[in-house]
Amino acid sequence: MLKNGEQYRESIRKMRPNIYKYGELIEDVTTHPATKLHIDSVAHSFDMAFDDKKSSIYTATSFLSGKKAHRWNTLMTCAEDIVNNADMKRDQYRWSGTCTGATCAGWTLLTALWDATFQCDQENSTKYHERLKNYMKYVEDNAFALSGAITDAKGNRSLSPSQQPNPNHYLRIVERRQDGIVINGFKIQICGVAACNEIIIIPTSGFGADDADYCVACAIPRDAEGITIVETRRPSDERDLEEGWDAPKVGNITQAYIIFENVFVPNERIFLAGENKYSGKIIGDFAAIYRAAIGACVAGQGDIMIGAAINMARANGLSQKTFQSTLNEMAINNEITYGLGLGAMLKGKKTASGTFIPSPLLAHTNKTQVAKIPYTTKVMAQDISGGIAETGCMPPYKDFQSPIYGAKLLEAVTAGTDGETRARAARLVEWLTVGGGIPGCMHGGGSPDGAKLVIRALTKWEDYATDAKRIAGIVGDLPDPGKK
């Protein structure tokens, strides 16, 4: 099934209000200023399913039904599927300037669960895979937007989940019933929750047998009883809540803390319930897909930063040619993360269950670059733009509207173009580089230090040393003194 943007909005309006901001319940997330723009971004992606030029990347032929479906409702079964995932995300960033979370992590989790549940059923005679298949048909039939809840509160990082003084720091099973389970705990820093119909949950890491109750994967409606959602964007990011041009009015990112208090999950929505052996595989497959594609996300915002810097130079009265060398470097930065992600996809492998998982080594390498390169691009955008966009000294929109001195302020910022155009151009650069448009490059999708651990584990250090010994003509042993 395909929905357009307004049909998607209507599905969100029908949900039980359970999202709070500044202590107040948001009655309608489709109109509230803290959530509206993100929902508008997701609605745009729904509309793109009907766009002659863009539908090929915003839709896919379903692995399950053989019908056309929204890409975020389908399974990734080949390298082309994951490449198109990346291209969709780059295009989404070029539309809104920031993340469209409710079409990202949730469906990636479904693909990550696919092979793990397949293996679990084969080895343990469980029924998780068939449940997941039926649930994915349900998602496709209803054209849902999906949020992915991965990160737990974690508490004391030196302690395992079962050792935490507060057991709610990791989402866990507190009751097992014949018809399902009851879960308690927190999921935090979750993107796109306000804009989703359903929340997909997986363990935040691979766990041992002592932490089996924390190994839970399931799907729940966003408005299920017992769920309280707190929208958490920083006040400094919220200039888009204000009238005027201090922030763009095209899209924003939403983040949430989700509080689970005795939430019942029926059996048909449970995809893992204590089988800790598979928890590491789930998060590993997710990370490979997500970290391969995130290079396209930051490249998409980098594309907008290039455009914003060009516009700012012109508004300052300067030619693009003056900054072409820097602009070239910005473009190179974008293609490094995008291309490295494509490399991970093209070096991936198909699983026995039919999904396609990118190369973990290259995907995690991409994550380390995403944690660095976009910040360099932001500095370049600020450098081209000048102090009006970087120092924080430009007056806010309200001052420009003052009947006493507003016209004089606009006169003061007039340069290569009129004052309002230059102010708008400067605010976009500011928003992209130090404001609410910044995606989580450093820790979004996990820590770069975690990625480095995977790289260390997967790199064939001894093979490289052996090849170098052969080329050097070394025939004797050359052991590592640090190894016993």
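**View 1. The largest cavity has a volume of about 40 Å³.** The model is a predicted one, in which local features need pLDDT of at least 70, side-chain atom pairs count only at pLDDT 80 or more, and totals for chains, interfaces and linings use all residues. Residues are numbered from 1 along each chain as its sequence is written, and side-chain values use heavy atoms, with hydrogens and water left out. A cavity is a set of points, on a 1 Å grid over the protein atoms alone, where a 1.4 Å probe fits but cannot get out; lining residues have an atom within 4 Å of a point. A volume is the space filled by probe spheres set on the points, which are joined across faces, edges and corners. The lining of the largest cavity consists of V298, G302, M305, N333, N334, T337, I373, P374 and T377. Two or more of these residues come from each of α7 (279-315), α8 (324-346) and α10 (373-385) (helices are DSSP runs of H or I, at least four residues, and strands are runs of E, at least two, numbered from the N terminus). Four lining residues are nonpolar, five are polar and none is charged (Ala, Val, Leu, Ile, Met, Phe, Trp, Tyr, Cys and Pro count as nonpolar, Asp, Glu, Lys and Arg as charged, and the others, Gly among them, as polar).

**View 2. The second largest cavity holds about 30 Å³ of space.** The structure has two cavities of 30 Å³ or more. Around the second largest cavity are I19, I190, V193, A194, I229, E231, T254, Q255 and A256. Strands β10 (227-231) and β11 (255-266) are the elements that give two or more residues to this lining. By class, the lining has six nonpolar, two polar and one charged residues.

**View 3. The second largest pocket has a volume of about 270 Å³.** A pocket, unlike a cavity, is an open set of points, with protein on both sides within 12 Å along at least five of seven lines. K347, G348, K349, I357, P358, S359, P360, L361, L458, K460 and Y464 line the second largest pocket. Six of these residues are nonpolar, two polar and three charged.

**View 4. Y135, Y138, F144 and F271 form one aromatic cluster.** Rings of Phe, Tyr and Trp (its six-membered ring) pair if their centres lie within 6.5 Å; planes under 30 degrees apart count as stacked, over 60 as edge-to-face and the rest as tilted. The count by this rule is 11 aromatic pairs. One of them is the tilted pair of Y135 and F271, at 5.7 Å centre to centre and 50° between the planes. Y135 is in helix α6 (residues 128-142) and F271 in strand β12 (residues 270-273), 136 residues apart, so the pair links distant parts of the chain. Both Y135 and F271 are buried (under 20% relative accessible area; exposed is over 50%, and partly exposed is in between, with a 1.4 Å probe and protein chains only). The pair of Y138 and F144 is edge-to-face, because the ring centres are 5.3 Å apart and the planes are at 70°. Y138 is partly exposed at 35% relative accessible area, whereas F144 is buried at 10%.

**View 5. The charged end of R90 sits over the ring of Y338, 4.8 Å from its centre.** A charge sits over a ring if NZ of Lys or CZ of Arg is within 6 Å of the ring centre and within 35 degrees of the ring normal. K21 lies over the face of Y22, at 4.9 Å from the ring centre.
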